[in-house]
Amino acid sequence: MKKTSKKTVTVRKQLKIKLENTLTRRKNARNFRPTHSLMVTWFKHLNKGLFGNKLPAVPLYLVRMTDDWGRCWAHWDNRKCRKGTYDQSVIPYDKTDVTFAIELHSKYPTFRDFIETLAHEMVHLYQMTILKDPYSNHNANFFAFRNKFKSAGLTLSRTG
């Protein structure tokens, strides 16, 4: 095994221990309401443990949502383009300056739901920023992270 892969495994084990300890402390907490600082802290831990610190720092928002637990979105300025030039479902990385952000719901049934949703949206961010996946949906690129999540004690599913 290479030296770098041992380091990666160690970082992931550290994340798993941190998650287990936090989940044990918060196991009886219901109707969990995350704070912005907690979201930023866990973004950093998950970025280090699951993504090797490759994700850029993006704005993180807590908002009330009716249909989703979380959302990772890309925004680009296409006002200077003719109508119909861009398909809104395909991110035009080569055409414009694209900005990214993650929005999370302001209330979760449990702390685990909050962490798994944040990690889920971070996978979408990875697809958009690192892989430049034009769709960044629940495709093979998304589910390639399933084993990393499992080794950290998390579940990666379509509903995040």
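So, aromatic pairs: in this predicted model, the count comes to 10. Let me walk you through a couple of them.

Start with Phe 51 and Phe 145. Their ring centres sit 5.2 Å apart, with 45° between the planes, and that makes a tilted pair. What I like here is where the two partners come from. Phe 51 belongs to helix H2, while Phe 145 is in the loop between H4 and helix H5, and 94 residues separate them in the chain. Both Phe 51 and Phe 145 are buried.

Now compare Trp 69 and Tyr 108. Here the centres are 5.1 Å apart and the planes meet at 25°, so this pair is stacked. Trp 69 is in the loop between S1 and strand S2, and Tyr 108 is in the loop between strand S3 and H3, so the pair ties together parts 39 residues apart in sequence. And are these two buried or exposed? Trp 69 has 36% relative accessibility, so it counts as partly exposed. Tyr 108 has 1%, so it counts as buried.

Ring pairs join Trp 69 and Tyr 108 with Phe 32, Trp 42, Phe 111 and Phe 114 in a cluster.

Let's turn to helix H2, which covers residues 36–51. H2 has 16 residues and spans 21 Å from its first C-alpha to its last, close to the 22 Å expected. Its buried residues include Trp 42, Gly 49 and Phe 51, so please keep Gly 49 in mind.

Just past the end of H2, the backbone does something worth a look on your screen. Gly 52 has a positive phi of about 60°. Asn 53 is in the loop between H2 and strand S1.

Where else does a residue other than glycine take a positive phi? Have a look at Lys 132, with phi near 55°. Lys 132 is in the loop between helix H3 and helix H4, and at 44% relative accessibility it counts as partly exposed, because that falls between the 20% and 50% cut-offs.

Last stop, Arg 12, in helix H1. Arg 12 is buried yet has no salt bridge. How far away is the nearest side chain of opposite charge? That side chain is Glu 20, at 13 Å. As for what Arg 12 does touch, leaving out residues up to four places away in sequence, the contacts are Gly 49, Lys 148, Ser 151 and Ala 152. And there is our Gly 49 again, one of the buried residues of H2.

Methods. Residues numbered from 1 in each chain as written. Predicted model: local features only at pLDDT ≥ 70, side-chain atom pairs only at ≥ 80, totals over all residues. Heavy atoms only, no water. Helix = DSSP H or I, 4+ residues; strand = E, 2+ residues; numbered from the N terminus. Expected span 1.5 Å × (residues − 1). Buried < 20%, exposed > 50% of the residue type's maximum accessible area, 1.4 Å probe, protein only. Lys, Arg positive; Asp, Glu negative; His and termini not counted. Salt bridge = Lys/Arg side-chain N within 4 Å of Asp/Glu carboxyl O. Contact = heavy atoms within 4.5 Å. Phe/Tyr/Trp six-rings, centres within 6.5 Å; stacked < 30°, edge-to-face > 60°.
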